[in-house]
Amino acid sequence: PATRRWLFADQLGPHFLDGPHQPVLLIESRDVFTRGRFHRRKAHLILSALRHRAAELGDQCVFVRTGTYREGLAECGERVSVCDPTSYPARRFVRRLPDVEVLASRGFVVSERQFAEWTARRGEGRLLMEDFYRDVRRHHRLLMDGSGPVGGTWNYDHDNREAPPRRESLDVAEPFWPTEDEIDEEVRADLDRWERDGDVRFTGTDGPRRFAVTRREALSGLRRFLSERLEQFGVYEDAMLAGDPWMAHSLLSVPQNLGLLDPLEVARRAEEFGREHDVRLASVEGFVRQVVGWRSYTWHLYWHLGREYKRRNALGARNTLPDWFADLDADAVQANCLRHVLGGVRDEGWVHHIPRLMVLGNWALQRGYRPDELADWFWRNFVDGYDWVMTTNVVGMSQHADHGVLATKPYASGGAYIDRMSDFCGGCRYDPKVRVGEDACPFTAGYWNFLAGHREELAGNRRMTRALSGLDRLRDLDGVLHQEAERGDGPP
Ligand code: SF4
């Protein structure tokens, strides 16, 4: 018989087993939640997913609820195999264990060996996401027409950058919302008790479970997204609406990162559905790009760039996260965009990729928050966050702390960008066009302050030339710098 397979809580789908009847070990470790503060909803999702999987597997599974993984393994008492886990500390840990066979990782569109071969073929050249994505599509024959892309274009990004419509919400069918059951009730009671006993401290607020934690729920979520929401997904993919945080996003990052859905299966179904139902190609391509492109690319770069990558700090950002930010205290914030987005993190543990990048990340970049601390904050507070997801996304993409390995320029912007891509500014006490004084938008002032503070590091970057010459023309720069120097680290 096959060796018992130990599954971590982000390896819960059928593709992590060698066959449908393979014996399984699941360990629920309470100690994981005592190492730093996690969002309460994230803890709920992980525990609910594990317990649901254990219930589904029944006698096929040994399910141990204990303090540490070591205790869980001892209680099981059998030799086990495990698919390589998803973080550096977890990999180091499993390699030191006796009686544990470590297999290659699973759950991504190309293996780590294939990615290593791909990078070797590229030699010294840059590892561009666009090249990786095209090769993945060729390799798996996704959205292909002969040897070229369906529709004649690989990338429809330019069709997917519309400003939001002038309405409060997108007017799209509701996402799939799961129905809670007695397992969720039990999880909630346990989390309440752990908090009461002082064993763990969470961030964020509790509320009805929004994301799929079983394979069945994940497939329902996928079907719902494809049939009711995919068409509208792409157009407003980069826009933000204060009254509609979900817009047409798939909400599938949680079940994908729990390992419940195989990304290739998700992409193939999107392609198939799009073809059969004549869905707008730019939306299908935009979604497939996120799933098999960006998601896989960040995963592989996490390993390729090495453990020390997380400590990179090319812009010398030294500020520790202030309490109001770390504790998700949105009520303390007056800046409407940040208040809404931080409130979304507090209430749901989720906002979509643009508020993450252009509001939270942009704010942190301007204020010089430490990239490694910020990456940890993101993975602990987002329901779909993991070290592998957030390290490359935050340190590289968002904070430019790798000096351009991942992104060719820093994602810093003033209030004008937020004003164009959202409806936040209309309801704000600040004015995105104003740089100095009572009404000065903290993002606009912060943007110029950021550019002035990093002029030398950014000077060699051709994509920053226009921004820096804008800085040179700013007549009130001294006023901006003075005002920003006076601003403490309190909420804006
Ligand atoms: Fe945000 Fe500035 Fe717009 Fe207010 S004015 S919502 S602070 S960008």
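Start at the end of a helix. Helix α15 is followed by H400, and the phi of H400 is positive, near 55°. Keep in mind that this model is predicted.

Now step back into α15 itself, which spans residues 387-398. Is this helix mostly covered or mostly open? It is mostly covered, for eleven of its twelve residues are buried. The buried residues include W388, V389 and M390. They also include G396, M397 and S398. What do the buried residues of α15 pack against? Their partners are four helices: α8 (253-257), α10 (281-304), α13 (353-367) and α14 (371-381).

Next, look at a pair of helices. Two packed helices are described by the angle between their axes and the distance between the axes. Take helix α1, residues 40-57, and helix α6, residues 182-196. They pack at an angle of about 135°, and their axes are 9 Å apart. The crossing of α1 past α6 is right-handed. Which residues make the contact? On the α1 side they are R40, A43, H44, L47, S48, R51, H52 and A55. On the α6 side they are I183, D184, V187, R188 and L191. Sorted by class, the contact has six nonpolar, three polar and four charged residues.

Trace the loop between β8 (148-149) and α6, and you will find V150. Is V150 buried, exposed or partly exposed? A buried residue needs 20 or more other C-beta atoms within 10 Å, and an exposed one has 12 or fewer. V150 has 18, so it is partly exposed. Set aside the neighbours within four places in sequence, and V150 is in contact with L143, M144, D145 and L281. V150 and L281 are 131 residues apart in sequence. In space, their C-alpha atoms are 8.6 Å apart.

Finish at the ligand. There are 15 residues around the ligand. Which of them come nearest? They are C337, G415, C425, C428 and C441. Of the elements, α16 gives the most, with three residues. By class, the shell divides into eleven nonpolar, two polar and two charged residues.

Note on methods:
Residues numbered from 1 in each chain as written. Predicted model: local features only at pLDDT ≥ 70, side-chain atom pairs only at ≥ 80, totals over all residues. Helix = DSSP H or I, 4+ residues; strand = E, 2+ residues; numbered from the N terminus. Contact = placed C-beta atoms within 7 Å. Axes fitted to C-alpha atoms, helices over the stretch in contact; angles between N-to-C directions. Left-handed = near helix turned anticlockwise from the far one by under 90°. Nonpolar A, V, L, I, M, F, W, Y, C, P; charged D, E, K, R; others polar. Near = placed C-beta within 6 Å.
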